[in-house]
Amino acid sequence: MTSLVVLGVSAGTDLRDRRIPNKLVGVTAAIGLTRGLISAPEVVWRSILIAVVVFCALGFLSQHRIVGGGDVKLISAVTLLVPPDHVGLLLVEIAIAGGVLSCLYLLGQHIFKNAQAHRPSATKASSRPSHLSVAVKNELTRIATGKSLPYALAVFGGVGFYTARGLVRCSYAISCLQ
């Protein structure tokens with residue numbers, strides 16, 4: 001659960017600043033390595049190897065500006081949170097969450113472009129906006145102009161779904177034993 005908190009903070013900073021702090025990536029990796037050393041120390045080397053392979057593959061995509069550098073580091077770090085034989089499933093869940101996020105942003109872009117086309121040019125001056133309303137306005141502007149996605153949200157969603165699915169499976173197994 002600690003890893004979800006760290007990933008939530010990463011998603012928040014990515015949403016706000018389009019940056020994922022290295023400290024948060026390091027904490028995520030440390031949580032994964034610690035978890036691995038406690039639960040299955042004999043396979044930690046496989047987890048590290050897989051994280052390096054994921055880092056190199058996504059790093060190649062980053063060089064071609066398909067994926068952001070922070071996303072590369074964060075996705076590589078989250079592979080350490082799961083057993084090595086579950087990394088493929090986790091990556092698929094992150095990709096699905098990324099697809100959903102992309103669809104929402106494309107829909108938002110379409111809606112905001114149409115809204116801007118039909119909006120009168122004169123706007124009312126409002127009172128001093130709150131910090132939250134400024135952040136929302138900034139994100140709506142990013143969506144409307146087709147700027148990059150805060151992919152840490154997709155990573156957070158994918159890891160969250162993976163974790164929730166595991167909890168449901170575990171609670172089902174416990175209920176079957178009773």
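**Exercise 1.** State in which helix Glu93 lies, and determine whether Glu93 is buried or exposed.

*Solution.* Glu93 lies in helix α5, a helix being a DSSP run (H or I, at least four residues) numbered from the N terminus. The model is predicted: local features need pLDDT of at least 70 and side-chain atom pairs 80 or more, while totals for chains, interfaces and linings use all residues. Residues are numbered from 1 along each chain as its sequence is written, and side-chain values use heavy atoms, without hydrogens and water. The relative accessible area of Glu93 is 7%. Buried means under 20%, exposed over 50%, and partly exposed in between, with a 1.4 Å probe and protein chains only. Glu93 is therefore buried.

**Exercise 2.** Identify the residue whose side chain is joined to that of Glu93 by a polar contact.

*Solution.* The partner is Arg165, at 2.7 Å. A polar contact is a pair of N or O atoms within 3.5 Å; within protein, one must be able to donate a hydrogen and the other to accept it, and residues adjacent in sequence count only if both atoms are side-chain atoms. Leaving aside neighbours within four places in sequence, Glu93 is also in contact (heavy atoms within 4.5 Å) with Gly158, Phe161 and Tyr162, among others.

**Exercise 3.** Characterise the place and burial of Gly108, and give its C-alpha distance to Ala144.

*Solution.* Gly108 is placed in helix α5, which spans residues 87-118. Its relative accessibility is 11%, so Gly108 counts as buried. Gly108 and Ala144 stand 36 residues apart in sequence, and their C-alpha atoms are 6.9 Å apart in space.

Conventions: Helix = DSSP H or I, 4+ residues; strand = E, 2+ residues; numbered from the N terminus.
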